[in-house]
Amino acid sequence: MNSAADIAIDVKGLTKSFGGRVVVRDLSMQVKRGVIYGFLGPNGSGKTTTIRMLCGLLTPDSGEGTCLGYDIRTQADQIRNHVGYMTQRFSLYQDLSVRENLEFVARIYGLNAPVRSAQQMIERLGLQGREEQLAAQLSGGWKQRLALGACTLPSPQLLLLDEPTAGVDPKARREFWNEIHALANEGLTVLVSTHYMDEAERCHEIAYIAYGELLTHGTVEQVIEQSKLITYDVNGGNLQELLHELDGKPGVDMVAPFGSSLHVSGRDEEKLEAAIKPYRASGDFVWTRSEPSLEDVFIELMNRSKDNFR
Amino acid sequence: MSWFSRIGKPGFFRRVKAMLVKEFLQLLRDRVSFAMIVVMPLLQLLLFGYAINTTPRNLPTAVLLQETSDVGRSILAALERTQYFKITHRLTSVEEFDRVLASGKVLFAIEIPAGFERALRRGDKPVLLVAADATDPVASGTALGSLSRIVQFALVNERMLPDQSEPLFEIRSHPRYNPAAVSALNIVPGLVGIILTMTMLVFTALSVTRELERGTMESLLSMPITPLEIMIGKICPYIIVGFIQASLIIGFGVLLFGVPILGSLLLLAALSTLFIAVNLAIGYTFSTVSQNQLQAIQMTFMFFLPNILLSGFMFPFAGMPVWAQWIGEALPLTHYLRIVRSIMLKGADFSDLQYDVAALFVLMLVAMTIAVTRFRRTLD
């Protein structure tokens with residue numbers, strides 16, 4: 001009883017392959033209600049496939065689970081009624097106006113007053129004055145807003161947003177995230193996929209998926225801590241040369257330029273210290289022990305999983 | 001000149017080749033289209049090559065035999081030997097005579113009156129009454145022209161009647177429904193069916209593939225709407241479009257070509273609407289089984305061609321071999337042609353058309369069932 005009330009998404013062992021290629025492998029995740037859950041991972045890592053399995057658009061080859069308490073295999077109809085899915089590619093009707101698109105969605109979901117609901121959504125989205133414009137004529141940012149409006153219109157309990165901010169300018173992105181937080185405050189659960197690190201920091205919880213496997217999950221702090229990564233911030237000297245020399249050395253799991261400095265990370269403290277000792281002794285560089293960034297953690301995870309899967 | 005001078009620009013052939021290779025690769029990758037390029041033309045060539053016959057044989061014929069002597073059987077045997085006529089109905093009353101023609105079950109009805117042989121021997125030149133369904137002049141013309149010679153020959157050889165240059169009897173032929181053999185009367189009702197078939201198929205053939213290609217299908221599938229609801233919602237608007245189109249064609253056919261509407265206009269409108277719905281359902285089915293708009297259009301054309309050639313629009317239906325007639329029975333246009341010709345030219349009523357109406361309903365239900373079951377609610 002408790003789990004159905006508190007958990008929006010609960011899936012175990014989801015696996016899906018296309019034409020013999022495994023796209024999602026043995027994926028399990030739990031998302032609590034009312035949480036903004038960030039779903040991170042590189043392109044082609046299986047984020048879209050996972051989201052589609054959650055809302056019944058794809059049938060998993062194996063694995064099971066529930067979405068809002070409904071079985072993802074057998075109760076796709078109920079899931080459709082309570083889940084808003086915003087696709088990666090704009091998928092409303094380009095040849096219908098803003099108003100017509102919203103009224104269409106309102107009618108499909110059987111809202112009592114489709115015309116009024118659409119009007120209210122237009123106002124909420126700040127689309128007044130554009131309601132008669134065809135969707136095709138909207139800019140990328142406005143299209144995203146319209147798409148978000150369309151999938152929140154039927155008051156779903158769960159929103160699945162697939163890279164909603166890809167290709168949108170920073171200002172529109174910020175407004176978009178403010179809206180998502182406002183929706184979460186109203187009690188909505190939001191699963192949002194992205195590959196922007198700054199967006200990950202705006203989520204209550206995150207999960208990182210690469211090559212079809214869920215590699216880590218938790219709050220941002222937990223994910224960084226779990227990584228057990230030791231990171232040095234290096235300044236001064238010829239950093240480019242240093243990068244090439246350190247790259248691939250035993251103990252150094254990742255080297256990456258970070259603004260004007262270089263991040264050098266390793267999981268094994270002793271080996272890392274041994275590897276960088278000669279360079280520290282030279283005195284050409286300033287070495288500062290620091291926290292790894294989320295990006296350091298993810299890239300290191302990805303490098304590691306690449307070794308496992310190739 | 002400037003156009004030609006471009007050919008000389010450096011790299012012209014290299015770029016053309018790049019384009020050519022790319023197009024060829026794309027063509028090979030689209031398996032379904034490729035199969036259609038190779039298989040369909042051959043299939044259609046064989047199909048139509050064997051099915052189409054412009055001097056039709058085995059035309060269904062009804063006989064009202066009132067003569068009791070052997071002369072009747074001799075005449076019938078002679079008719080069947082020519083292979084033009086195939087006696088399918090033996091009638092017993094004059095009322096039936098009109099009915100079988102109106103319903104389109106036969107193309108000819110022949111009456112051999114009582115006392116025919118006695119009148120022949122007396123030299124009275126008795127009358128052989130031949131009523132022909134002239135709504136399709138091509139079908140009835142050749143057979144009708146040869147009738148007199150056949151019967152005369154049979155009588156002289158089998159009944160030992162004197163061979164005279166003068167015919168022994170009189171054939172009173174009644175080309176019914178289109179006595180002047182005006183081809184417009186035959187063509188215009190047929191065109192109503194052809195034009196409706198073409199436009200209706202294309203309307204719905206693109207409807208699902210368009211959603212797939214524009215990416216709107218993903219949203220639509222994530223919404224609580226069932227395949228049946230999607231289908232009905234997509235078909236209904238075009239029924240109105242089709243109805244307007246049908247009214248225009250029939251209206252102008254009547255105004256410009258003087259084609260009569262002898263039967264009920266209401267019945268014609270109702271059955272035309274049914275025919276429109278059948279074609280929309282078939283187009284929609286193509287849309288659910290094809291992966292892109294090009295495939296859907298190709299399927300439409302592949303379906304359209306037999307509709308023209310095997311439905312009785314271009315060539316007499318009764319003249320086709322039996323297997324081709326079976327294919328024809330599976331095409332909606334075949335049934336609609338009978339309906340529209342019967343209502344407009346023969347003044348047929350609903351009871352004459354029950355079979356064809358039932359066939360249209362069956363075709364529609366089959367198409368819709370395939371469409372709804374083939375419609376995938378997932379993106380698997």
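This is a predicted model: local features need pLDDT of at least 70, side-chain atom pairs count only at pLDDT 80 or more; totals for chains, interfaces and linings use all residues.
1. A quick term before we start: two strands count as paired if DSSP finds at least two bridges between them. Strand S1 (residues 7–18) of chain A pairs with S2(A) over eight bridges, in the antiparallel sense.

2. Stepping back to chain A as a whole, its secondary structure comes to 12 helices and 14 strands. The C-alpha atoms fill a box of roughly 75 × 45 × 40 Å along the principal axes. Of the 310 residues in chain A, 43% are buried. Take the contacts between residues at least 6 apart in sequence: 68% of them join residues at least 24 apart.

3. How is chain A divided? There is domain 1 (2–222) and domain 2 (228–291). Taken over C-alpha atoms, the centres of these two domains of chain A are separated by 39 Å.

4. Now for another sheet in chain A, again open, with four strands in the order S12-S13-S11-S14 and antiparallel pairing. Strand S12 (254–258) and S14 of chain A are at the edges with a single partner strand each, so one side of each has no neighbour in the sheet. On average, and ignoring direction, neighbouring strands here are turned by 25 degrees against each other.

5. S12(A) and S13(A) run antiparallel and are joined by five bridges, and Phe258(A) has Ser261(A) as its bridge partner in S13(A). Strand S11 (residues 230–235) of chain A pairs antiparallel with strand S13 (residues 261–266) of chain A over five bridges. S11(A) also pairs antiparallel with strand S14 (residues 286–290) of chain A, over five bridges. Thr231(A) is a handy residue to look at: its bridge partner is Ser265(A) in S13(A) and Ser290(A) in S14(A).

6. Over in chain B, which residues touch the most other members of the largest nonpolar core? Of the 89 residues in this core, they are Phe108(B), Ala109(B), Phe275(B), Val278(B), Leu280(B) and Ala281(B). Helix H12 (residues 265–289) of chain B supplies the largest share, 12 residues. The core lies between domain 1 (59–176) and domain 2 (183–374) of chain B, because both give residues to it. Leaving aside neighbours within four places in sequence, Phe275(B) is in contact with Leu196(B), Pro332(B), Tyr336(B) and Leu360(B). Apart from this core lies another, of 74 residues, including Ile72(A), Cys151(A), Val192(A) and Ile206(A).

7. Last, the place where the chains meet. On the chain B side, 13 residues are in contact with 17 residues of chain A. Helix H10 (residues 216–221) of chain B gives the most to that side, with four residues. By type, the chain B side divides into five nonpolar, five polar and three charged residues.

How values were computed:
Residues are numbered from 1 along each chain as its sequence is written. Chains are lettered from A and ligands numbered from 1 in the order in which they are written. Two residues are in contact if their C-beta atoms, placed from the backbone, lie within 7 Å. Helices (H or I, at least four residues) and strands (E, at least two) are DSSP runs, numbered from the N terminus. Ala, Val, Leu, Ile, Met, Phe, Trp, Tyr, Cys and Pro count as nonpolar, Asp, Glu, Lys and Arg as charged, and the others, Gly among them, as polar. A residue is buried if 20 or more other C-beta atoms lie within 10 Å of its own, exposed if 12 or fewer, and partly exposed in between; C-beta atoms are placed from the backbone. Domain bounds come from an automatic or database domain assignment. A nonpolar core is a set of buried Ala, Val, Leu, Ile, Met, Phe, Trp, Tyr and Cys residues joined through C-beta atoms within 7 Å. Axes are lines fitted to C-alpha atoms, for helices over the stretch in contact, and angles run from 0 to 180 degrees between N-to-C directions.
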